[in-house]
Amino acid sequence: MAIARSRERSLLRKALSPSYACATPLELGGLGDGSLAQPGAARLRNHVSGCARCQTELTLLKEFENATPRPDEEGAVSWISARLERRFAEASAGPSLSRTHHGAALPRRSWFTALNVGGFALAAATLVAAVTIGLREGRAPELAPPSPAASTVLRSDGITTLSPAGDLDAPPNELRWEPRTDAASYSVQVMEVDHAELWSAETRDASIALPPALRARIVPGKPLLWEVVAKDAAGRVVAWSGKQRFRIRT
Amino acid sequence: MANHLAAGGGGASIWLQELFRRHYTKVVTWCLRVAGDREEAHDLAQGVFVKAQRHLGAFRGDSRVSTWLYSITRSECLNYLKSRSPLDDALEDDVAEALPDDPESRPEHIFELRSSVQAARALLDRVLTETEKRVFTLHYGDDVPLQAITRLLGLENPSGAKAYLVSARRKLARALQRWRAAERVA
């Protein structure tokens with residue numbers, strides 16, 4: 001019985017595994033939002049429409065996109081959120097490594113430290129609360145009123161950037177944005193398009209000069225991104241510009 | 001003015017914070033449905049976020065962030081299921097008991113006898129309902145336990161994915177019998 005079942009499973013697994021023609025999750029997402037380039041999109045769409053494997057993946061992707069806790073899951077999701085929040089706080093305070101059940105080591109300065117622990121905890125708690133009022137992707141989450149304990153409060157009005165933007169004739173000398181009355185300082189960051197950081201700095205002004213070493217790395221045709229974050233006197237984030245894109249014409 | 005030129009690596013920044021702010025619930029809910037246990041789901045969700053942070057530099061913006069995060073979550077969850085104990089034998093026994101005791105009608109024979117995997121897949125496509133196809137593919141193709149499939153697909157019937165799997169196997173057994181009968185006539 002066990003041998004027959006094992007053989008059955010092995011054969012079925014082989015037969016039902018993705019073929020060379022099957023779409024990856026990223027391709028399925030591209031088909032769904034129209035971002036996949038032709039003619040590959042047409043070929044893939046034709047395959048997906050008749051492939052049980054791809055249709056299953058598509059169903060899972062849609063379930064993920066719309067995943068909000070059902071009534072019987074809300075308690076567990078809240079519990080997980082609270083526990084993660086505690087773990088993040090502990091990790092930011094202590095130097096020790098912890099290890100998950102399947103062996104993924106959590107580095108001392110891992111993602112939750114970079115995220116600003118308190119801010120992430122607020123974000124997590126806010127998001128869990130927002131689920132109950134029907135949060136959907138594509139709409140900014142409703143934020144809870146700022147709490148004294150919160151270290152990050154992102155406001156929806158953001159920061160208006162002035163320059164650089166779009167196609168330029170020469171490397172920019174500085175980054176400029178409109179000042180905010182509630183900002184005591186600004187953090188800026190210049191990145192490659194894959195979000196790898198090239199340069200970052202802090203300033204109290206609504207502009208900052210780019211160092212020669214960075215300007216030398218701004219070459220014609222290569223798009224770059226930059227962003228600015230406003231902070232209040234306590235160092236709490238109060239607004240974000242979003243990613244701005246620019247490049248030097250070739 | 002603090003100022004530094006990065007030597008390379010990922011720029012986590014506020015962008016990453018926004019990413020998790022928007023998609024946190026999706027990941028946690030999904031992990032809970034896969035694991036079916038809040039302790040396991042907690043570890044799983046944490047693993048997803050660690051991996052996302054590690055691979056942030058590889059995200060080129062060609063796809064939606066949620067799709068990118070889904071591909072990481074999916075991969076982590078399947079690895080988790082593989083690392084766990086074998087599928088729930090009790091449920092497997094339930095499925096077997098609900099089916100006729102005919103070794104010749106077992107579904108793998110379709111893939112042995114049909115001229116190609118593609119033809120066998122076409123047969124699956126023809127005889128099964130959409131939900132049966134999803135359950136069959138996830139259970140036999142990805143080793144996803146029936147209880148997890150019930151949760152992932154939000155199946156609300158009393159026996160969940162098990163009922164769809166039994167139904168799918170019955171239909172495939174009948175299709176196989178018809179195919180054998182046609183072969184004998186020919």
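1. In chain A, strand S5 (residues 174–177) is joined to strand S8 (residues 207–209) by 3 bridges, and the two run antiparallel; helices (H or I, at least four residues) and strands (E, at least two) are DSSP runs, numbered from the N terminus. The model is a predicted one, in which local features need pLDDT of at least 70 and side-chain atom pairs count only at pLDDT 80 or more, while totals for chains, interfaces and linings use all residues. Residues are numbered from 1 along each chain as its sequence is written, with chains lettered from A and ligands numbered from 1 in the order in which they are written.

2. Strand S3 (residues 161–163) of chain A also pairs with S5(A), in the antiparallel sense and over 2 bridges, and here A:Ser163 has A:Arg176 as its bridge partner. Pairing requires that DSSP finds at least two bridges between two strands. Together, 3 strands of chain A form an open antiparallel sheet in the order S3-S5-S8. S3 and S8 are the edge strands, each pairing on one side only, and the twist averages 20° from one strand to the next. Strands of a sheet pair through backbone hydrogen bonds, either parallel or antiparallel.

3. A residue is called buried if 20 or more other C-beta atoms lie within 10 Å of its own, exposed if 12 or fewer, and partly exposed in between, with C-beta atoms placed from the backbone.

4. The peptide bond between A:Ser163 and A:Pro164 deserves a look, as it is cis, with omega about 0°. A:Pro164 belongs to the loop between S3 and S4 of chain A. Most residues other than glycine have a negative phi, and most peptide bonds are trans.

5. Strand S4 (residues 166–168) of chain A contains A:Leu168, which counts as partly exposed because 15 C-beta neighbours lie inside 10 Å. Leaving aside residues up to four places away in sequence, A:Leu168 touches A:Phe246, A:Ile248 and A:Arg249, where contact means that two C-beta atoms, placed from the backbone, lie within 7 Å. A:Phe246 is 78 residues from A:Leu168 along the chain, yet their C-alpha atoms are separated by 7.2 Å.

6. Helix H2 (residues 25–33) of chain A has A:Pro25, A:Leu28, A:Gly29, A:Gly30 and A:Leu31 as its buried residues. The cover over these residues includes helix H3 (40–49) and helix H4 (52–65) of chain A, together with H3 of chain B. After H2(A) comes A:Gly34, with a positive phi near 80°.

7. In chain B, the axes of helix H2 (residues 38–54) and helix H3 (residues 65–83) come within 9 Å and cross at roughly 130°; axes are lines fitted to C-alpha atoms, for helices over the stretch in contact, and angles run from 0 to 180 degrees between N-to-C directions. H2(B) and H3(B) are therefore oblique to each other, given that angles under 35 degrees count as roughly parallel, over 145 as roughly antiparallel, 65 to 115 as roughly perpendicular and the rest as oblique. The contact involves B:Leu44, B:Gly47, B:Val48, B:Lys51 and B:Ala52 of H2(B), with B:Leu69, B:Ile72, B:Thr73, B:Glu76, B:Cys77 and B:Tyr80 on the H3(B) side.

8. A positive phi of about 60° is found at B:Asp143, although this residue is not a glycine. B:Asp143 is placed in the loop between helix H7 (130–142) and helix H8 (146–152) of chain B, and with 17 other C-beta atoms within 10 Å it is partly exposed.

9. As to the chains overall, chain A comes to 8 helices and 11 strands, with 34% of its 250 residues buried, while chain B has 9 helices and 1 strand, with 46% of its 186 residues counted as buried. Among contacts between residues at least 6 apart in sequence, 60% join residues at least 24 apart in chain A, and the corresponding value for chain B is 66%.
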